[in-house]
Amino acid sequence: MATLRRTAGTLLALAAVIAVLVVPSHPARAASLNPVTGFGSNPGNLAMYAYRPDGLAANAPLVVALHGCTQTATDYFDNAGWRRYADLWGFALVLAEQRTANNANRCFNWFEPGDTARGSGEALSIRQMVAHAVAAYGLDPARVFVTGLSAGAAMTAVMLATYPDVFAGGAIMAGLPYRCATSVASAFQCMNPGVDRTPAQWGDLVRAAFAYTGTRPRVEIWHGTADTTVVPANATELRDQWTDALGVSQTPTSTATLPGGTGVSVYGGGAVRVYLVSGMPHATPVDPGTAIDQCGTAGTYYRDTICAAYHTGRNWGLDRGGPPPGSSPPASTAPPASTAPPASTAPPASSAPPASSASPALCVRATNYDHVRLGRATQRLGYVYAAGSGQAMGLYTLAVSHGLKQTGPGYWVVADTEC
């Protein structure tokens with residue numbers, strides 16, 4: 001196979017400019033992440049690992065996670081934060097792992113034409129992992145998502161382009177546009193200083209990957225403004241590629257400020273989101289802690305800024321089961337106002353509760369501590385805010401109680417007189 005014949009010198013040269021990570025010193029939880037064999041013909045010669053939380057419900061969602069160079073499935077599982085929300089919200093994880101036989105530094109081969117086309121190479125191997133997991137674990141094929149860092153992020157873009165009929169959404173962390181590179185030489189150029197194309201040119205590359213007339217997956221783009229490995233210009237090119245591919249304007253429909261110096265621009269009402277993390281180098285954004293919106297372990301390539309897994313997972317609807325592809329984005333796909341302290345205790349004018357006809361409104365009275373613990377509110381700097389509406393609730397403590405009423409998926413309002 002072509003991937004097995006690549007020269008070690010080429011692989012080492014490419015790996016030198018893609019994110020690398022020294023495995024952290026804390027104990028890995030490998031026993032919780034099980035290797036899976038026999039998942040398909042596996043033309044890309046990748047390894048598959050799966051994680052299913054205890055008591056996982058039937059038809060649960062699936063998130064596929066793709067590590068960066070020199071990383072392993074276990075390393076990304078332990079540190080990126082996705083395990084926490086798999087346990088909390090009830091979804092399965094599949095982690096693909098690159099082999100040194102394919103790439104001496106475990107980089108997914110996002111630049112090789114044979115690995116980035118539908119029906120071949122590493123792309124097909126990852127597709128087979130999804131098919132196996134859905135069938136073997138009884139998961140919902142309409143709620144499959146993919147994310148990754150660096151080379152894994154570039155491979156995330158590959159999967160979104162080549163298998164738009166498989167994925168409902170994807171999150172590209174410090175990645176590159178689909179088919180920006182088709183060789184080692186062009187990969188260097190794409191990573192730094194970057195390649196500038198028009199939105200239509202980028203979109204044409206996606207459309208050429210697979211003739212698809214259905215609703216394409218939603219795309220999240222995360223990038224640090226101090227990234228010198230994969231320069232931030234790639235976030236702009238990714239935005240141009242996916243807004244064009246999804247048929248939405250390159251002008252944002254809304255913007256917001258989130259923790260960790262993070263700005264988010266929303267395009268097409270949520271079809272594409274771009275998160276720029278101020279001062280962050282090449283890394284997955286994490287935010288260690290115990291609050292509902294905190295996750296992960298800080299390290300060289302896991303930077304303590306903001307928990308990307310939390311915000312991405314909520315935008316995908318994983319905290320309430322997730323929407324099927326082709327459905328209107330749920331209310332929880334709006335940038336969570338709860339992470340930005342409001343100017344006053346009154347809800348902002350734009351925070352009118354979204355309509356919901358799925359079930360009668362749920363009304364719960366509890367302490368601020370328990371509201372946060374159970375996901376009905378979030379806390380920042382010792383203060384608590386209702387999830388979705390962002391209404392202020394006071395101190396993060398057992399001594400303060402409020403009633404919260406759920407008016408939509410992931411959307412709660414203060415209702416002290418009703419609960």
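1. The disulfide count comes to three, taking a pair of cysteine sulfur atoms within 2.5 Å as the rule. The model is predicted. A disulfide is a covalent bond between the sulfur atoms of two cysteines. The pairs are taken in turn below.

2. C69 is joined to C107, with an S to S distance of 2.1 Å. The angle about the S-S bond is 130°, and the link is right-handed. This pair connects distant parts of the chain, 38 residues apart. C69 sits in the loop between β3 (62-66) and α2 (73-79). C107 sits in the loop between β4 (92-97) and α4 (121-137). C69 has 0% relative accessibility, so it counts as buried. C107 also counts as buried, because its relative accessibility is 0%.

3. C180 is joined to C190, S to S 2.1 Å. Here the link is left-handed, with -110° about the S-S bond. C180 lies in the loop between β6 (169-173) and α6 (184-191), while C190 lies in helix α6 itself. The two are ten residues apart. Both C180 and C190 are buried.

4. C295 is joined to C307, again with S to S at 2.1 Å. The torsion about this S-S bond is about 105°, so the disulfide is right-handed. C295 is in the loop between β11 (284-286) and β12 (302-304), and C307 is in the loop between β12 and α9, so the bond ties together parts twelve residues apart in sequence. C295 counts as buried because its relative accessibility is 2%. For C307 the value is 0%, so C307 is buried as well.

5. Next, helix α9. How many residues of helix α9 (residues 308-315) are buried? Eight of the eight are, so the helix is largely enclosed by the rest of the structure. Among them are Y310, H311, R314 and N315. Just after α9, G317 takes a positive phi of about 80°.

6. Last, the sheet. Three strands form an open antiparallel sheet in the order β14-β15-β16. The edges are β14 (377-380) and β16 (392-395); each has a single partner strand, so one side of each lacks a neighbour in the sheet. On average, neighbouring strands are turned by 25° against each other, direction ignored.

7. One pairing in detail. Strands of a sheet pair through backbone hydrogen bonds, either parallel or antiparallel. β14 and β15 (residues 383-386) pair in the antiparallel sense over four bridges. Within this pairing, T378 stands opposite Y385 in β15.

How values were computed: Residues are numbered from 1 along each chain as its sequence is written. This is a predicted model: local features need pLDDT of at least 70, side-chain atom pairs count only at pLDDT 80 or more; totals for chains, interfaces and linings use all residues. Side-chain values use heavy atoms; hydrogens and water are left out. Two strands pair if DSSP finds at least two bridges between them. Axes are lines fitted to C-alpha atoms, for helices over the stretch in contact, and angles run from 0 to 180 degrees between N-to-C directions. Buried means under 20% relative accessible area, exposed over 50%, partly exposed in between (1.4 Å probe, protein chains only).
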